[in-house]
Amino acid sequence: MRHAFKLHWSTDAPDLALVAVGGYGRGELHPYSDIDLLILLRHADGGPERRAIGAFLATLWDIGLQASHSVRSVTQCVAQARVDLSVATNLMEARHLAGAAELCAQLQQHMQPQQMWPAREFFQAKQREQQRRHAKYHDTAYRLEPNVKESPGGLRDIQTIAWVAQRYTGAVSLQELVTRGFLTADEHRALQHEQSFLWRVRFALHLLYGRREDRLLFDAQPRLARQFGYRDAPANPAVEQFMQTYYRTIKELSLLNEMLLQSLEEVILADGPPAPAVLDDNFEERGGFLRLRDAGLFKHRPAALLEMFHVLQHHPRLKGVGAETLRSLRANLERIDDGLRAAPEQRALFMQILRAPQGVTHELRRMNRYGVLGRYLPAFGRIVGRMQYDLFHAYTVDEHILFVVGNLRRFALSRYDQEFPQCSRIMQALPKPELAYLAALFHDIAKGRGGDHSQLGAQEAEVFCLDHGLSRYDARLVGWLVEHHLLLSLTAQKRDISDPKVVHAFARAVGDQLHLDYLYVLTVADVRGTNPELWNSWKASLFHELYAEASRALRQGLENPLDKDELIRETQAQALALLRAQGLEPEAAREVWAGFSQEYFLGHAPDEIAWHTAGLRGRLTGSAPLVLLRQQAARGGTAVSVYAGPDTFIFARVAATLAELGLTILDARLVPMTHGRRLDTYVVLEDDRQPIVEPERLAEIARTVQYEAQRQQQMPMAITRRAPRQVRLFTTRTEVEFAVDISGRRTALDIRTGDRPGLLSLIGQALAQCEIRLWNAKITTVGERAEDVFFITDSNNRPLDDAAARERLRSVLLTQLNDAA
């Protein structure tokens with residue numbers, strides 16, 4: 001910079017100065033960091049220097065230094081800094097590079113706290129700024145692609161500590177805070193260590209992309225893991241080891257940020273030492289924060305480390321934990337040992353925290369943030385910061401577990417009844433809600449160990465419950481919930497729950513209504529806490545439908561399974577009632593139903609039957625395909641029904657059309673009718689999982705599907721849409737498996753492969769090529785993976801039992817899917 005400056009100002013340039021600000025002013029540049037420059041003028045108009053300034057900036061551009069610059073006088077800088085905190089912060093780090101040094105000195109003098117932004121105002125503004133920044137990242141850094149600089153616990157949090165400290169104390173380095181008593185030597189070492197790691201990560205990201213990139217993107221994570229020396233281990237890939245180190249680093253930085261800012265707050269904002277208010281024998285409140293009455297309490301009585309959170313539950317008005325108390329907690333964490341964990345008093349206290357009427361989730365989160373939960377429950381400590389390298393799990397395992405507990409707590413509190421009324425009603429009727437919280441704590445606790453995490457977690461959960469005074473029945477119930485926490489979700493999403501035999505088998509596996517109630521609320525809380533973008537009303541309706549049908553089976557008695565004919569009669573009666581309300585008499589409805597098969601009535605709800613009956617009345621014998629659309633307010637999504645004649649490729653064509661329209665297919669039911677016709681119904685959402693609401697959009701869908709349905713026996717359109725960037729980063733091996741479905745009438749074809757636009761069309765083409773009849777499709781997208789189940793028969797409506805036919809279909813599917821990947 002100085003050399004370039006001299007190319008344009010051979011003298012000392014008395015009327016301007018070149019000043020480094022921001023990260024450049026601090027001397028903390030990464031390879032592609034912004035180069036923040038201030039050209040400081042003596043005169044606001046710049047006078048004759050304007051031409052030289054333009055030439056200087058052009059030189060920087062020509063040599064590849066893309067500086068972020070501003071050109072202002074001292075007066076202009078001061079005026080801007082008074083109203084803009086970010087400008088003031090940038091100028092606080094001003095460093096003279098070349099030109100008139102006294103101009104830079106004048107600016108620095110004007111930037112002193114006595115002139116603007118006194119420490120109190122500066123601290124409050126920076127605190128609000130950090131809160132807004134954290135909120136932008138949903139107050140968590142445990143996202144799939146965190147921002148190393150801006151996310152909570154990132155480099156910006158360290159800079160915030162330094163800025164506030166500099167404004168109050170004048171310290172220009174973290175080391176100076178040690179000598180001034182705001183930081184201990186241990187905390188300084190920790191800050192330096194964590195900062196160094198994040199600097200290395202950010203540096204590597206810049207080199208990897210050849211540009212400024214502060215997001216730890218999916219494609220970068222495995223490459224950085226290798227660069228940092230991590231190697232794959234059984235059940236623990238290198239990328240997950242690396243990301244666990246990253247997440248644990250930011251967790252520690254978040255705690256240090258909270259502690260140090262609070263320490264500074266106590267001296268900056270305090271109008272004098274606040275009077276203490278005694279809370280109990282060990283704790284007091286001072287200035288809104290919980291403090292130790294005896295500074296050495298945690299050292300000589302470690303049990304108080306757990307008691308503190310119980311006290312916080314009873315005093316929700318407290319703003320938090322005092323800085324010195326946090327400092328003592330960090331120093332004494334290792335005193336939570338096997339002896340303390342085995343103490344009956346501590347075990348009883350932990351259960352009291354879970355059973356408390358308020359603050360359960362809040363204090364569990366705080367316990368995790370401060371490292372106490374992982375010390376008290378070592379199995380939980382092992383999964384802190386552990387991520388799963390896929391697009392399905394949006395959070396680290398520990399964050400996910402606490403989200404699940406939080407969801408259960410919202411079900412338990414009546415003020416949230418409007419969010420999930422059914423879950424709230426069930427949860428609030430449970431005799432012991434703490435059993436659901438325990439199941440949530442343990443349901444994923446064994447991830448990353450190898451083996452079945454559900455079974456391993458169930459074993460640990462049962463032992464923990466017995467150790468903590470629960471009855472053997474309650475312990476077994478929690479263990480059962482952990483072991484079977486995926487049962488309801490998998491059954492609803494991968495089995496044909498319109499089949500009474502499927503419902504009966506599920507109800508038999510559950511056993512009784514109490515187990516079903518606990519499992520239902522745990523399942524909804526779990527799926528919602530895995531990835532908020534994957535939860536939708538369609539999934540909610542599937543879970544509720546299975547829950548309701550299983551409840552009915554349990555009431556009726558497992559020894560008296562619901563008869564198929566009885567179910568059809570009930571469904572038809574409900575549909576007739578709906579049609580009568582619309583003015584359609586039963587005789588007219590039954591005339592339409594003469595063309596409907598038994599399979600149809602088993603696979604459709606009464607409201608769907610009423611819709612189809614009204615839409616098809618008088619149009620059953622027409623030659624042209626008929627397309628019906630309906631918004632499904634109760635179940636979510638839009639139903640697209642296609643009534644057409646024999647057509648080998650119609651499923652492949654319609655699936656391709658819907659994919660090209662940017663729609664996601666949630667469910668497909670394909671039912672043969674009389675006269676060789678068929679009625680296929682697809683439930684769809686927009687690609688972003690949002691419902692379709694615009695009339696013009698619905699008309700476009702109907703028009704396009706109608707056109708494609710009329711192209712009988714023709715191949716589907718080509719798909720031009722591409723999978724999203726994140727999905728394309730993963731290579732998912734295609735797996736094809738066959739099984740006889742529970743009814744024995746069909747073969748369940750289970751396909752796991754990489755998700756992509758048009759996938760269902762490719763599968764449909766393979767089925768048509770092998771002369772396979774498709775009856776039902778259960779569509780499940782798990783992040784970057786598609787895990788779909790198709791219920792199929794051969795062309796004679798028999799299960800696909802022939803080994804040669806299965807292998808031919810497998811070969812065609814693998815060729816079709818792998819060639820198109």
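Colleague: Which residue takes a positive phi just after H10?

Modeller: Just after H10, Gly210 has a positive phi of about 70°. Helices here are DSSP runs of H or I with at least four residues, strands are runs of E with at least two, and both are numbered from the N terminus. This is a predicted model, in which local features need pLDDT of at least 70 and side-chain atom pairs pLDDT 80 or more, whereas totals for chains, interfaces and linings use all residues. Residues are numbered from 1 along each chain as its sequence is written, and side-chain values use heavy atoms, with hydrogens and water left out.

Colleague: How many residues does helix H10 have, and what span does it reach?

Modeller: The expected span of a helix is 1.5 Å times one less than its number of residues. Helix H10 covers residues 185-209, which is 25 residues, and from its first C-alpha to its last it reaches 36 Å, close to the 36 Å expected.

Colleague: Is Val404 buried or exposed?

Modeller: Buried means under 20% relative accessible area, with a 1.4 Å probe and protein chains only. Val404 belongs to helix H21, residues 397-412, and it counts as buried because its relative accessibility is 0%. Leaving aside residues up to four places away in sequence, Val404 touches Ala440, His443, Leu522, Ala525 and Asp526, where contact means heavy atoms within 4.5 Å.

Colleague: How many cavities of 30 Å³ or more are there, and what lines the largest cavity?

Modeller: Rolling a probe the size of a water molecule over the atoms shows where empty space is left. On a 1 Å grid over the protein atoms alone, a cavity is a set of points where a 1.4 Å probe fits but cannot get out, and lining residues have an atom within 4 Å of a point. Points are joined across faces, edges and corners, and the volume is the space filled by probe spheres set on them. The count is 5 cavities of 30 Å³ or more, and the largest cavity has a volume of about 150 Å³. It is lined by 15 residues, of which Gln493, Trp538, Leu666, Ile779 and Thr780 are the closest to its centre. Helix H29 (537-556) and strand E11 (663-672) are the elements that give two or more residues to this lining, and E11 gives the most, with 4 residues.

Colleague: What is the volume of the second largest cavity?

Modeller: The second largest cavity has a volume of about 110 Å³. Its lining has 14 residues, and Asp496, Glu599, Gly603, Arg746 and Asn776 lie nearest its centre.

How values were computed. 1 Å grid on protein atoms, 1.4 Å probe; cavity = no way out; pocket = protein on both sides within 12 Å on 5 of 7 lines; lining within 4 Å. Buried < 20%, exposed > 50% of the residue type's maximum accessible area, 1.4 Å probe, protein only.
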